[in-house]
Amino acid sequence: MRRAILIAVPYVWLLALFLVPFFIVLKISLSDIALAIPPYTPTLDLSQGWAGVRDFFGQLDFENFVWLTEDDLYWKAYLSSVKIALISTVLTLMVGYPIAYGMARAPEEWRPTLMMLVILPFWTSFLIRVYAWMGILSNEGYLNQFLLWTGLISTPLTILNTQTAVYIGIVYTYLPFMILPIYAALERLDGSLIEAAEDLGCSRLQAFWLVTVPLSRPGIIAGCFLVMIPVIGEFVIPSLLGGSGTLMIGKVLWEEFFSNRDWPVASAVAVVLLLILVVPIVLFQRNQQKQTEAGQ
Amino acid sequence: MNRLSWFNVVSLTLGFAFLYIPMIILIIFSFNESKLVTVWAGFSTKWYGELVQNEAFLNAAWVTIRVAVFSSTLATILGTAAAYVLVRGGRFFGRTLFSGMIYAPLVMPEVITGLSLLLLFIGIGLDRGIVTIVLAHTTFSMCYVSVVVSSRLVTFDQSLEEAALDLGCSAAQAFRLVTLPIIAPAVISGWLLAFTLSLDDLVIASFTSGPSATTLPIKIFSAVRLGVSPEINALSTIMIAVVTVGVIAASLVSKRAAVRRRLEEQTAARTE
């Protein structure tokens, strides 16, 4: 009995506030925009009984999805979000792996401190960390001041409000998500395996490629998913650092909802985004479950 | 693996410089006299003074703190229950769906979570305000709590619980007297994580808040869109300082608890 309550309370909570809302989004994506409160039709009218329900379903259609394919804005935004997410995941991996590797090789008494130093920015406000780059990357910002001072450039570089700024922002804010799983995998790695590889004639680089990297694969996979999936739907970074030239679907959805107040189209954008994310999310979950079971 | 090569040293140095220099610059320029954030014009704390008098920011901060306290407490209770069920609950109907719903919010884009919750609240006619933000924040942060707590539950020795049950504890007593003290550090860090996630959240709060409840991130975002300002630098510095002190204190407390536990175990072993 008690077990049933323990299961039921979080279960029902998630059903009501996580799963049911998705069906509402799906339903509204099939509705039409209207000048009313709420601003879409049809609304389900149960007072008319069965006829009302039939009438309601009769009015749903795929018009908004057709609209998404007709206007280039949407598919360009989807493509560019996926492209930005893939490139920035690779960049984050390239920046994060050497850091995680260095941490795992550091003397044991340093490791808790190094861990702390990685985790601390993760706890600090995301918005503030993105904001910090606005001052650095702007035309009269600190980076340009520094480069002008060193004489490397003679005119300020335009970085803020370009895709470069978006990549920098993503790598910076998502770096802890990449470092932590890779570090966890590398820390468990048995050092004698590398010694064995070297004894058997591998160079240090070969031992790294043939032993260390394959054994840290679960960490790399987890880190890449943790970066890539949320970045596809990212809103704050493109809107603060990307300027009007950066097209990302999270921003399009936001504007569709808050500026155009077109809820049905915003919902359709969300449904398609979710369809794009289903494959990586399921793969991520499998990876996590496998890890948990390996832990048990 | 205890040989740091020059490559390791360089990558650690550059990596941590990359992580910390932006925040250090932000903090330094919050003490800048000039309104122009990019030009240093002498030390001053006047932006902090202006911040304290800014009624709108103070109100938003108060809303944010209340939301964070309520949602993180609820999320800790629900998330711990969910973790316990997932790790110890055995098989039950719909377990796969349940674990899916626990992991999915971790990677779900915030715009989708926010939009879907808003449409739910409007659908059931709930007025948007503090309550709706609390419900929304609880939903996604309970999943983080559950992941943190279940990683602790997985590693701890289940025979301790079984021993308590054999010695006559009820299931509830065994949980309160044995399980809870052991997973307490994970529960506390889960609460802290939920608290900071709630403090930080802009996107979901923007969707689920109404005109009566503006949170600090919403306020900061609308100010930041107009450009960099020393007042926001000052506010950011305060938030960074609070989080830094909180996280370091929490880790020291849990480290001391671990040391004490080890000492107690050693004494117990010696007296046997």
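Helices (H or I, at least four residues) and strands (E, at least two) are taken here as DSSP runs, numbered from the N terminus. On that basis chain A holds 14 helices and two strands. The model is a predicted one, in which local features need pLDDT of at least 70 and side-chain atom pairs count only at pLDDT 80 or more, while totals for chains, interfaces and linings use all residues. Residues are numbered from 1 along each chain as its sequence is written, and chains are lettered from A and ligands numbered from 1 in the order in which they are written.

Confidence may be considered next. The model has an ipTM of 0.85 and a pTM of 0.87. In terms of pLDDT, the predictor's confidence in each residue, from 0 to 100, chain A averages 87, with 92% of the residues scoring at least 70. Within chain A, helix α2 (residues 50–59) has the lowest mean, 69, and helix α4 (residues 72–105) the highest, 94. Where pLDDT is low, the predicted coordinates should not be read in detail. Chain B has a mean pLDDT of 88, and 99% of its residues reach 70 or more. Among the elements of chain B, the lowest mean, 83, belongs to helix α11 (residues 230–271), and the highest, 94, to helix α9 (residues 203–208).

The C-alpha trace of chain A spans about 80 × 65 × 35 Å along its principal axes. Its radius of gyration is 24 Å, whereas a compact globule of 296 residues would have one near 19 Å; the value is taken over C-alpha atoms, and the globule rule is 2.2 Å times the number of residues to the power 0.38. Of the contacts in chain A with a separation of 6 or more, 72% join residues 24 or more positions apart, a contact being two residues whose C-beta atoms, placed from the backbone, lie within 7 Å.

The two chains meet through 75 residues of chain A and 66 residues of chain B. Helix α1 (residues 2–29) of chain A supplies the largest share of the chain A side, 18 residues.

Buried residues, those with 20 or more other C-beta atoms within 10 Å of their own, make up 44% of chain A. Beyond its neighbours within four places in sequence, Leu253(A) is in contact with Ala266(A), Val269(A), Ala270(A), Val111(B) and Leu115(B).

Conventions: Buried ≥ 20, exposed ≤ 12 C-beta atoms within 10 Å, placed from the backbone.
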